[in-house]
Amino acid sequence: MYVIFKQSRHNYGTRKIKKELEKQEKVVSRRRISRIMKQLVLVSNYTEAYFKPQKKRSNEAQIANVLNREFQQEK
């Protein structure tokens with residue numbers, strides 16, 4: 001399993017490692033693979049999220065009152 005992870009350049013997670021082991025006719029559960037990976041401190045490159053949310057929201061920009069509009073609402 002460690003060899004499969006190294007050959008994938010640290011990209012494979014439990015699902016792909018399981019598929020590779022099935023090709024070698026070895027039956028191992030994803031939970032067992034996950035436990036072994038945790039013991040060996042193997043973390044896939046794709047485990048970390050690359051999307052970082054924007055702090056400034058696009059619809060909350062301050063808009064100037066260029067036309068100097070004055071509205072009076074009547075009941």
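Is Arg31 buried or exposed? Arg31 counts as exposed, because its relative accessibility is 69%. Here, exposed means over 50% relative accessible area, buried means under 20%, and partly exposed is in between (1.4 Å probe, protein chains only). Arg31 is found in helix α3. Its C-alpha atom is separated by 8.1 Å from that of Thr14, 17 residues apart along the chain.

## The model

This is a predicted model: local features need pLDDT of at least 70, side-chain atom pairs count only at pLDDT 80 or more, and totals for chains, interfaces and linings use all residues. Residues are numbered from 1 along each chain as its sequence is written, and side-chain values use heavy atoms, with hydrogens and water left out.

## Overall layout

The protein has three helices and zero strands. From the N terminus on, the order is α-α-α. Helices (H or I, at least four residues) and strands (E, at least two) are DSSP runs, numbered from the N terminus.

Of the 75 residues in the protein, 13% are buried. The accessible surface comes to about 7800 Å². Carbon and sulfur atoms hold 49% of that surface. Such areas come from the Shrake-Rupley method with a 1.4 Å probe; for residues, only the protein chains shown count as cover.

Now consider contacts, meaning heavy atoms within 4.5 Å. Take those with a separation of 6 or more: 46% of them join residues 24 or more positions apart.

Helix α2 covers residues 14-23. Its buried residues are Thr14, Ile17 and Leu21. Seen down the axis of α2, they fall within an arc of 65 degrees, so they line one face of the helix. The arc is that of the directions from the helix axis to the C-beta atoms. What covers these buried residues includes α1 (2-7) and α3 (30-39).

The face turned away from the buried side carries exposed residues: Arg15, Lys19 and Lys23. After α2 comes Glu25, whose phi is positive, near 60 degrees.

## The nonpolar core

Which residues form the largest nonpolar core? The seven are Ile4, Phe5, Ile17, Leu21, Ile33, Met37 and Leu42. At least two residues of this core come from each of α1, α2 and α3. A nonpolar core is a set of buried Ala, Val, Leu, Ile, Met, Phe, Trp, Tyr and Cys residues joined through side-chain atoms within 4.5 Å.

Leaving out residues up to four places away in sequence, Ile17 touches Met1, Ile4, Phe5, Tyr12, Ile33 and Met37.

## One salt bridge

A search of the whole structure finds one salt bridge. That term means a side-chain nitrogen of Lys or Arg within 4 Å of a carboxyl oxygen of Asp or Glu. The partners are Glu20 and Lys23, with their closest N and O atoms 3.3 Å apart. Both lie in helix α2, three residues apart, about one turn of the helix.

Glu20 counts as partly exposed, because its relative accessibility is 23%. Lys23 counts as exposed, at 63% relative accessibility.

## A nonpolar surface patch

Tyr2, Ile36 and Leu40 form a nonpolar patch on the surface. Together they have about 260 Å² of accessible area. Patches are made of residues with over 30% relative accessible area and no salt bridge: like charges are joined within 9 Å, nonpolar side chains (Val, Leu, Ile, Met, Phe, Trp, Tyr) within 5 Å.

Ile36 lies in helix α3. At 31% relative accessibility, Ile36 counts as partly exposed.
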